[in-house]
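Have the viewer open as you read.

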Amino acid sequence: MKKTVLLSVIASTMIMAGGDIAPVEQVEEPAAEVQAADYGEIFGQLRGFYIDRTYNNNHPTGNRNSLNAGGYVGYTTPDLSGLKLTVAAYGTYGFEIHDDDAETTNGGNPYDPSLYGRDGENYAFIGQAYLDYTRDNTNVKVGRMRLDTPMAGADDARMLPNLFEAAIVTNTDLENTTLLAGHVTKMTMGTFSNIYDDSASLGLYSGYGLGTTLAQSGDFEDAGVVALGALGEDSDGTSVLAAIHQYDNGLKLQAWDYYAHDILNVLYLQADFGWDCRLNDAVKMKASAQYINEQAVGDELASSLVDIDANYWGAKLSASAGNLALSAAYSQTGDQGILSPWGGMPAFTQGMVTRHQFLADTDAWKVAASYKFAELNLKATAYYASFDVGTDATYAPGAESTEAGFDLIYQAREDLQLRFRGNFPRDFTGIDGTGWDEYR
C-alpha cells in the first residue's frame, strides 16, 4: 500500500514538472479513523402516579384513589440520507390497592379513572410510528405521533397523553420563523379523557369531544368522530397552518388556523413580549395576549348540537427576579363557548383541573407565584383561579367557581423527577357546590 501511494506521488510530480523528477518526501499514511456504528436511539419514560381525591358537600363518590405505573419506550433508527423511523409503545398498569369488595362512600368504583383506559382497564399499544425526513430546513413527519399545538395537543395531565395520526411539514428557511402545514386524520385519547365520557355540557369545552370513549385505550378514531361522535363521521379530518416568528426585540408572534372540514374553523393568535423592567433591570417582564375565534364551516355538522360563532381573549403579565416569578392573567369568553375537542388547552387562566374559562360568557382570572430553591433542585408553585360562569353556559351556569393549588417539582437527578401536586376546586358545578381535595 505504501509503494502504491509513493508511485502515485512520483507520477503526479512528474506530470506537473514536465517530466523532471522532483524530490519528494515519503509520508506515512495516517491511521484510518474508526467510526462508532450508529444503531439508532432508544428513548422512553417510566412514570409512577398516585392520585387521591376526596369529595366534599356530600358528593356521592366520597373518595377514590389509584396507584399506577406506565409510560412509554421507543426506538429511532439511524439517519439514512435524512430519513428516520420512530416507533414507541405506551402503556399503563394499575395496582390493586383496594379490597375486591371495596366501594366508595355511596357505592361505586374506588379507583380514579384518569389513570386507566376505557372501563378502568390496563392496556398497551403502539402510540408512535412515523417516518421523519429532513432536507435542508424542511422536516416532514407522517404517521402516529405526539402533537403539542394550541388547539390540538397531548394534554399530558395524567398517565398517558393524547396521540395523533397526522402528516406535518415544518420549514425554517425564513430567519427566526417557523412555518407549519399539516393534516390530522385520527387520534387516540389519553387517560385524562376518562373524566369526561362524551360530555357535551363540559367535555367539548374542556378538551374532549363527543366521541371520546371511542378513541380510548389506544384505539385511533377519526378526528371528526372524536369531536362530534356520529355527527362527525362525514368530516375529512382537520387541516392546520401556522406561522411563528421571533423578533430580535423580544417580541414573539404566532398564528394558527385549524380547519375541521365541515365542522368549524379555529383561529388562534398569540403575542408575547419580554423586556427588562425600567425601574430595575434585574426584573424581567413579560406581557402576553391570546385570541381565539371559531366559525362553523361547510356542512356545519355540529349545527344540530350547538351554534359555532365564538370569541375568546386573554392577557397575562409576568415578572421574575432571580428565583422568584409572579404572574396574573385574565380572560373573557363571548356569548358562545369555545369548543376544544382535540386536547387543546392553551388558556392563560385554566386551573389544574377547572377549565371553565371556555364556557359561554365567562370571565376568569388567575394569579400564580413560583420560587426555585436552586441548592435543593426544587421548584415550588402556588396559584389561585376564579371563574364567573355565564348564565347561558351549558355547564355550571351562573357558578362562581374557584380553584387553589400547588405544585412541587424536585429534580433528584438528571433522569429522575419527583412531583407532588394538589388542587382544591370549590363550587365546581354551580348547583350543589361540589368541590374536592385532590393530591397527586
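N139 touches D132, Y133, T134, I168, V169 and T170, leaving aside residues up to four places away in sequence. Keep in mind throughout that this is a predicted model. N139 itself belongs to strand β5, residues 138-145. Its relative accessible area is 16%, and because buried means under 20%, N139 counts as buried. Two of the residues it touches also show up in its polar geometry. The side chain of N139 makes a polar contact with the side chain of T134 at 2.8 Å, and a polar atom of the N139 side chain lies 3.4 Å from the backbone oxygen of Y133.

What does its side chain make a polar contact with? The partner is the side chain of Y55, at 3.2 Å. Not counting residues up to four places away in sequence, R64 touches I51, D52, R53, Y55, N109, P110, Y111, D112, P113 and I195.

**Aromatic rings**

The structure holds 23 aromatic pairs. One of them is F43 with Y72: the ring centres are 6.4 Å apart and the planes meet at 55 degrees, so the pair is tilted. This pair links distant parts of the chain, with F43 in strand β1 (residues 41-55) and Y72 in strand β2 (residues 63-76), 29 residues apart. Y72 is partly exposed, with a relative accessible area of 28%.

Y196 and Y208 are stacked, at 5.3 Å centre to centre and 15 degrees between the planes. Both tyrosines sit in the loop between β7 (177-188) and β8 (221-222), 12 residues apart. Are these two buried or exposed? Y196 is buried at 9% relative accessible area, and Y208 is buried too, at 0%.

R53 lies over the face of W436, at 3.9 Å from the ring centre. For K366, the charged end sits over the ring of Y383, 5.2 Å from its centre.

In soluble globular proteins, nonpolar side chains tend to be buried together. Here the largest nonpolar core has 63 residues, and I292, W342 and F358 have the most contacts inside it. Which element gives the most to this core? That would be helix α2 (residues 223-228), with 4 residues. Apart from it lies another core of 13 residues, among them F49, Y90, L115 and Y123.

**Strand pairing**

Strand β16 has partners that include β15 and β17. Here are the two pairings side by side.

| Strands | Sense | Bridges | Residues standing opposite |
|---|---|---|---|
| β15 (residues 363-373) and β16 (residues 378-388) | antiparallel | 11 bridges | A364 and F387 |
| β16 and β17 (residues 400-413) | antiparallel | 11 bridges | Y384 and A404 |

β15 and β16 form a hairpin with 4 residues between them. In that turn, N377 has a positive phi of about 55 degrees.

**Positive phi elsewhere**

Most residues other than glycine have a negative phi.

At 37% relative accessibility, E300 counts as partly exposed.

Technical notes: Residues are numbered from 1 along each chain as its sequence is written. This is a predicted model: local features need pLDDT of at least 70, side-chain atom pairs count only at pLDDT 80 or more; totals for chains, interfaces and linings use all residues. Side-chain values use heavy atoms; hydrogens and water are left out. Helices (H or I, at least four residues) and strands (E, at least two) are DSSP runs, numbered from the N terminus. Buried means under 20% relative accessible area, exposed over 50%, partly exposed in between (1.4 Å probe, protein chains only). A polar contact is a pair of N or O atoms within 3.5 Å; within protein, one must be able to donate a hydrogen and the other to accept it, and residues adjacent in sequence count only if both atoms are side-chain atoms. Contact means heavy atoms within 4.5 Å. Rings of Phe, Tyr and Trp (its six-membered ring) pair if their centres lie within 6.5 Å; planes under 30 degrees apart count as stacked, over 60 as edge-to-face and the rest as tilted. A charge sits over a ring if NZ of Lys or CZ of Arg is within 6 Å of the ring centre and within 35 degrees of the ring normal. A nonpolar core is a set of buried Ala, Val, Leu, Ile, Met, Phe, Trp, Tyr and Cys residues joined through side-chain atoms within 4.5 Å. Two strands pair if DSSP finds at least two bridges between them.
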